[in-house]
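Colleague: Can we go through this one term by term? I want to know what stands behind each label.

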Amino acid sequence: MAGRINDDDVKAVRDAVPIDAVVSEYLQLRNAGGGNLKGLCPFHDEKSPSFHVSPAKGLYHCFGCQEGGDTVDFIMKLDHLSFAETIERLASQAGITLRYEEGGYTPGRQQGERTRLVEAHKAAAQFYVEQLDGPEAEIARKFLAERGFDQAAAQHFGVGYSPAGWDHLTRFLRGRGFSDQELVLSGLSQEGRRGPIDRFRGRLMWPIRDIAGEVVGFGARKLRDDDNGPKYLNTPETPLYRKSQVLYGIDLAKKEIAKTNRAVVVEGYTDVMACHLAGVTTAIATCGTSFGEGHIKILRRLLMDNAGSEVVFTFDGDAAGQKAALRAFEDDQKFAAETSIAITPGGMDPCDLRLAKGDAAVADLVEARTPLFEFALRHVVSRHNLDTTVGRAAALDEAAPIVANIKNSSIQHESAVQLAGMLGILDTQFVVKRVSQLARWARERGRDGGPEQGRQQHRGRPQAAEQARPAPGPRGPALNLRSPAHRVERELLKLALQRPDLVSPAFDAYGADEFTAPPYAVVRQCIEDAGGTTAGANDSAYVPRVREAAPDDTVRAMVTELAVEPLHTRRDPDEAYAGVQLVAVRLAAVNHRVTEIRGTLQRLGPRADPEHLAAVQNELWVLQQYGQSLRERGYAAL
């Protein structure tokens, strides 16, 4: 039975690893105001950032899909890890040694499957690096040197060598405590006639890391003529490695991609190395597959769909390269970024170009890029005979929709004019109007409810809590968020969670009946159960205590959402702002009670018991006077 991780160690891990540092490993975060950060949600596709992170509270929440939680929840959900695996990973990053209860800790037995596979890959990567220095690896060192890569370059990228024997790595990892089942599951070994043997033998090895920097697979290049395998052999699909969801070099390039708002997509491992060594440190590559949906999602989260961001594809100028470029163009509309193409001269890839002409030539290649839609236009037009009217008309029919799909309206107009010139059509306005008409029809189809409707409507719209949205089901209660009373109750609860110092001790005196939305009343009770706002001021464990006090996941999700959602003030909240919310909630509660009492008086009628009638009328008078005082004196009347 797996040992339980010591509670104090779990707390130490939570405290030691800031949530913004963890989330930043997966997506770009920008200032959202109020000390919060925001980015594109990694749990669902969206056009504008609705994923908010509160470093002060250690929480995240997406106002688009309602996912939320703390650092541990984030890693568990995104990487599909168990609680124990997540704590083990974060502890490793923080340098914390975990203690296990219930009989102690036995390495290899009490860790989760994914953690074990990651550790096996980490050990394998180090093993391959060490083998590169041996006499057998002379052929691998020569291969690198012939392509302009010295020992420092190999070390930077973690390049290694797999020995030519049958089971060198398998025996090494067995000695580290890994089972045969784990080695086969990881893809590092494969079943042989007499048990597991090494999958990679006698090859140059590139470790493939995920965006968090963990080795999840390998790319292996054939070196010897007697190797009957493919030129490049990659790790098979495993619980760790899915080629459609990994990009080689993303761990090294991600910060520069986010900083410069540019990603350069090349075709191979040596091309990534050449680009980085030439100063193009935003270069990445797919691993034995074409660039697709999963890769787009990774880049979009780093680029944040900034209007000024760009994805540059580099392809050889041959027929295969042109085909790959056109395939990339099919995905152009899935980026908000502009897409461009850099065609390498003479059929050379970036690695060859660096060898032949130096680092500057690689950098110049990227700078001399061409918009991908322009490349696609020229390709389409080249297939038609422009010397005939029929040919020009056919080319226009095929090319106009490409221009109509360009997102930037000014570029769309210029491109329509450019298309008219390509086709030799003197009536430029005819082409411009044709493109505009197609673009308008596309927009109208989107408004009529096509598959793009939700994405187009979502793009650029604020994710304010007050907007009406579908009931989030089990992740959150359905509320009429347009109700003014509910809006101020929500704002006050946000203050009570985010800035308890501004609303205490007044908030703690508010009763459950002050909150007319039942879920908000439950959150208020959770705050009370956690010690109230007075105890929560300047206490980093306050919000976690409130979350722990939640009776179920629905309320816990609501607490997380309120703790992360930005306050509705453009300046830093102060006591005056907090006072306005306190008064508004109290006044709404008073007005609500006044309405109830008036209904009671109407039901009692003239034949009611005089004493009871007088008591109800007196309560109504007192509440009306108190309401008037709140309206006139504000916070002082509380």
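Modeller: Start with T282. Not counting residues up to four places away in sequence, T282 touches A253, E256, I257, T260, R262, A263 and V264. The model is predicted, so local features need pLDDT of at least 70 and side-chain atom pairs 80 or more, while totals for chains, interfaces and linings use all residues. Residues are numbered from 1 along each chain as its sequence is written, and side-chain values use heavy atoms, with hydrogens and water left out.

Colleague: What makes A253 or V264 a contact of T282?

Modeller: Contact means heavy atoms within 4.5 Å. A253 and V264 are among the residues that T282 touches.

Colleague: Is T282 buried or exposed, and how do you know?

Modeller: Buried means under 20% relative accessible area, exposed over 50%, and partly exposed in between (1.4 Å probe, protein chains only). T282 has 7%, so T282 is buried. T282 sits in the loop between α11 (269-277) and β13 (283-285).

Colleague: How do you know whether A420 is buried or exposed?

Modeller: A420 has 1% relative accessibility, so A420 counts as buried. Its place is in helix α18 (residues 409-423).

Colleague: What makes that stretch a helix?

Modeller: Helices are DSSP runs of H or I with at least four residues; strands are runs of E with at least two; both are numbered from the N terminus.

Colleague: Which residues does A420 contact, leaving aside neighbours within four places in sequence?

Modeller: A420 is in contact with I425, T428 and V431. As for A400, its C-alpha atom is 9.8 Å from that of A420, and the two are 20 residues apart along the chain.

Colleague: Why is the D15 and K11 pair called a salt bridge?

Modeller: A salt bridge is a side-chain nitrogen of Lys or Arg within 4 Å of a carboxyl oxygen of Asp or Glu. The closest N and O atoms of D15 and K11 are 2.8 Å apart, so the pair meets the rule. Side chains of opposite charge can pair when their charged atoms come close. By this rule there are 36 salt bridges.

Colleague: Why are D15 and K11 separated by about one helical turn?

Modeller: Because they are 4 residues apart in helix α1 (residues 7-16). D15 is exposed, at 55% relative accessibility. K11 is partly exposed, at 48%.

Colleague: What about R383 and E398: what is their N to O distance?

Modeller: It is 2.0 Å, and their side chains meet in a salt bridge. This pair links distant parts of the chain, 15 residues apart: R383 is in the loop between α16 (372-382) and α17 (389-404), E398 in helix α17. R383 is partly exposed, at 48%. E398 is partly exposed too, with 30%.

Colleague: What makes R586 and E514 a tie between parts of the chain?

Modeller: The salt bridge comes first: R586 and E514 meet at 2.9 Å, N to O. R586 lies in helix α27 (residues 575-604) and E514 in the loop between α22 (500-503) and α23 (518-529), so the bridge ties together parts that are 72 residues apart in sequence. Both residues are buried.

Colleague: Which residues form a network of salt bridges?

Modeller: R490, E491, K494, E561 and E565 are linked that way.

Colleague: Now the strands. How do you know that β3 and β4 pair?

Modeller: Two strands pair if DSSP finds at least two bridges between them. β3 and strand β4 (residues 59-62) are joined by 4 bridges and run antiparallel. V53 stands opposite Y60 in β4. The two strands form a hairpin with 4 residues between them, and G58 in the turn has a positive phi of about 70°.

Colleague: How many bridges join strand β2 to β3?

Modeller: There are 3, and β2 (residues 36-39) and β3 run antiparallel. K38 stands opposite H52 in β3.

Colleague: Which strands make up the open sheet of 4 strands?

Modeller: The order is β6-β9-β10-β11, with antiparallel pairing. β6 (160-162) and β11 (232-234) are the edge strands, since each pairs on one side only. Strand β10 (residues 215-222) and β11 are joined by 3 bridges. R221 stands opposite Y232 in β11.
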